[in-house]
Amino acid sequence: MSTRPMWQEALGRLSRRSESCLYVEMSQLTFIDVAGVTDLAMAARSLSGDRLLVLEQPPPQVPRILDLFWPSLGGIEVAA
C-alpha cells in the first residue's frame with residue numbers, strides 16, 4: 001500500500017511517453033497484488049492507437065490475474 005502512489009505515478013509518466021512500445025521490466029519485482037495489476041491494466045487501456053505496454057519477465061501471478069480479470073485486454077503484452 002505504501003508504494004502504490006509511486007507505482008501509479010510511474011505508470012502514468014510511462015503512458016504519457018510517445019513511444020509505440022512501452023516496457024516495464026519486472027524481473028526483480030518481489031510482490032504485486034491485484035491492485036498493482038489493475039494499475040497495469042488501466043495504464044494499457046489509457047494508451048491510444050496501436051501503442052503497447054510490454055511487461056518483461058513479470059512474476060507468474062501477473063499474467064494469471066490479467067487473464068482472469070481482463071482476458072481480452074488489448075494494449076498489453078507479457079514477454080517471458
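At what angle do helix α2 and helix α3 pack, and how far apart are their axes? In this predicted model, helix α2, which spans residues 34-45, packs against helix α3, which spans residues 61-69, at an angle of about 70°, and the axes of the two helices lie 10 Å apart. Since angles from 65 to 115 degrees count as roughly perpendicular, α2 and α3 are therefore described as roughly perpendicular to each other. The crossing in which α2 passes α3 is right-handed. On the side of α2, the residues that take part in the contact are Val34, Val37, Leu40 and Ala41, and these meet Val62, Ile65, Leu66 and Phe69 of α3. When the residues of this contact between α2 and α3 are sorted by class, eight are nonpolar, while none is polar and none is charged.

The packing of α1 with α2 can be described in the same terms. Here the angle is about 15°, and the axes of α1 and α2 are 10 Å apart. Because angles under 35 degrees count as roughly parallel, α1 and α2 are therefore roughly parallel to each other. The crossing of α1 past α2 is right-handed. In this contact, Arg4, Trp7, Gln8, Leu11 and Ser15 of α1 meet Ala35, Gly36, Asp39, Leu40 and Ala43 of α2. By class, the contact of α1 with α2 comprises five nonpolar residues, three polar residues and two charged residues.

In terms of class, the lining of the largest pocket is made up of six nonpolar, two polar and two charged residues.

Methods:
Residues numbered from 1 in each chain as written. Predicted model: local features only at pLDDT ≥ 70, side-chain atom pairs only at ≥ 80, totals over all residues. Heavy atoms only, no water. Axes fitted to C-alpha atoms, helices over the stretch in contact; angles between N-to-C directions. Helix = DSSP H or I, 4+ residues; strand = E, 2+ residues; numbered from the N terminus. Parallel < 35°, antiparallel > 145°, perpendicular 65-115°, else oblique. Left-handed = near helix turned anticlockwise from the far one by under 90°. Contact = heavy atoms within 4.5 Å. Nonpolar A, V, L, I, M, F, W, Y, C, P; charged D, E, K, R; others polar.
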